[in-house]
Amino acid sequence: MSSRIGPPAPSEYFLAIGLGRLAILRYTNKEGRSKMAPVPIRSSAPGKVILFGEHAVVYGRPAIAVPVTQVRATATVKPASPGSGLTIVASDLGKSTSLATAPRDEPLAATARLTLAHISVPEPDATLTVSSTIPIASGLGSGAAVSTALVRALAGFLGCTLEPAEVSALVFEVEKIHHGTPSGIDNTVVAYEQPVYFVRGHPVERLTVGAPFTLLIGDTGIPSPTKKIVGRVRQGWQREPARYDALFDQMGDIADEARRMIETGNVGALGSLMDENHELLVELGVSSSKLDDLVETARFAGALGAKLSGAGRGGNMIALVEEDLTEEVEEALRETGAVEVIRTTITTTK
Ligand code: MEV
């Protein structure tokens, strides 16, 4: 029911790079220099939510994540005057920086440098503009989406189409700047833009969704700083490894069971698995009163199940809802203080 879609089989990786190089050749002029696209190139990437297994996935347990296409990051690259180099504009933040002078760990510049190094092309004279409708620090993968859109747009501008595995690997390097010790699930689900079953260090597996299901994503409006929260969990795990490993094991078992339910279209069973996963996240200490309120509210209003999603403490929660109850549950979430509610239907994509 599931099919393997990702690396790290080295042969596949080199094939992907080879294909990328071939794509560059199409834009190469007589002098053998890479030629830039004469027109603006635009790319976008979705947000994401983790359905099962956040935090446990950092410790090698399985997790499930899905793209959220209702919110997206976009990057556009346009030619600029000769000698101007690459200027990166973050339009939402009103910030502009030149690649030549940006600090090494500035995430947008780091993404551009990694991309140029990967495709072995010198800095182009161009303006690269990024923007995003994905709320920052909310568990929806905004950093991974911005990086993914940027990598694709810049590579495309330079005549190179990168495979999802290559994009994901580049974005993972940037995620390390954002998050310290990321599992790699965010860059994977965003770069592949498909529901995935993910185990750190293993080939990515694409999930076949047996029956589409609808999620409401409720935003607490409270920031969820992934790096800090993942760091706190690590301190707890170092203090009490047996207790934390037992929690991670249970979360991993839930993710495995959820995978079977998703693939066989047993949506009803997914709800109680979400409830169980939330309780374990509460025990892990990454929930908060607002997340718990929204989760309770969703269940009370008729959701099949609900849990926090992502690093926690703030950010978003998700509720599994039947079609005829979505409006009631959404209204209840807003009344309880959700600052935004996104509705998304999960289905097999591509
Ligand atoms: C962040 O979206 C999910 C965490 O599991 C961290 C990670 O996987 O890197 C909390």
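Me: Axes here are lines fitted to C-alpha atoms, for helices over the stretch in contact, and angles run from 0 to 180 degrees between N-to-C directions. With that in hand, at what angle do helix 2 (residues 107-118) and helix 3 pack?
Reply: Heads-up: this is a predicted model, where local features need pLDDT of at least 70 and side-chain atom pairs count only at pLDDT 80 or more, while totals for chains, interfaces and linings use all residues. Residue numbers start from 1 along each chain as its sequence is written. Helices are DSSP runs of H or I with at least four residues, strands are E runs of at least two, and both are numbered from the N terminus. The axes of helix 2 and helix 3 sit 9 Å apart, and the packing angle is about 40°.

Me: Which class does that put helix 2 in, relative to helix 3?
Reply: Under 35 degrees counts as roughly parallel, over 145 as roughly antiparallel, 65 to 115 as roughly perpendicular, and the rest as oblique. So helix 2 is, relative to helix 3, oblique.
The contact (C-beta atoms, placed from the backbone, within 7 Å) pairs P107, L108, T111, A112 and T115 in helix 2 with G143, S147, L150, V151, L154 and A155 in helix 3.

Me: How many residues of the contact of helix 2 with helix 3 are nonpolar?
Reply: Ala, Val, Leu, Ile, Met, Phe, Trp, Tyr, Cys and Pro count as nonpolar, Asp, Glu, Lys and Arg as charged, and the others, Gly among them, as polar. In the contact of helix 2 with helix 3, four are polar, none is charged, and the nonpolar count is seven.

Me: Which residues of helix 5 make the contact with helix 3?
Reply: The axes of helix 3 (residues 142-157) and helix 5 come within 9 Å, crossing at roughly 50°. That makes helix 3 oblique to helix 5. Helix 3 brings A144, A145 and T148, and helix 5 brings D186, N187, V190 and A191.

Me: How are helix 9 and helix 10 oriented to each other?
Reply: The axes of helix 9 (residues 289-300) and helix 10 (residues 326-335) come within 9 Å and cross at roughly 150°. The contact takes L294, T297 and A298 from helix 9 and V329, A332 and L333 from helix 10. The two helices, helix 9 and helix 10, are therefore roughly antiparallel.

Conventions:
Contact = placed C-beta atoms within 7 Å.
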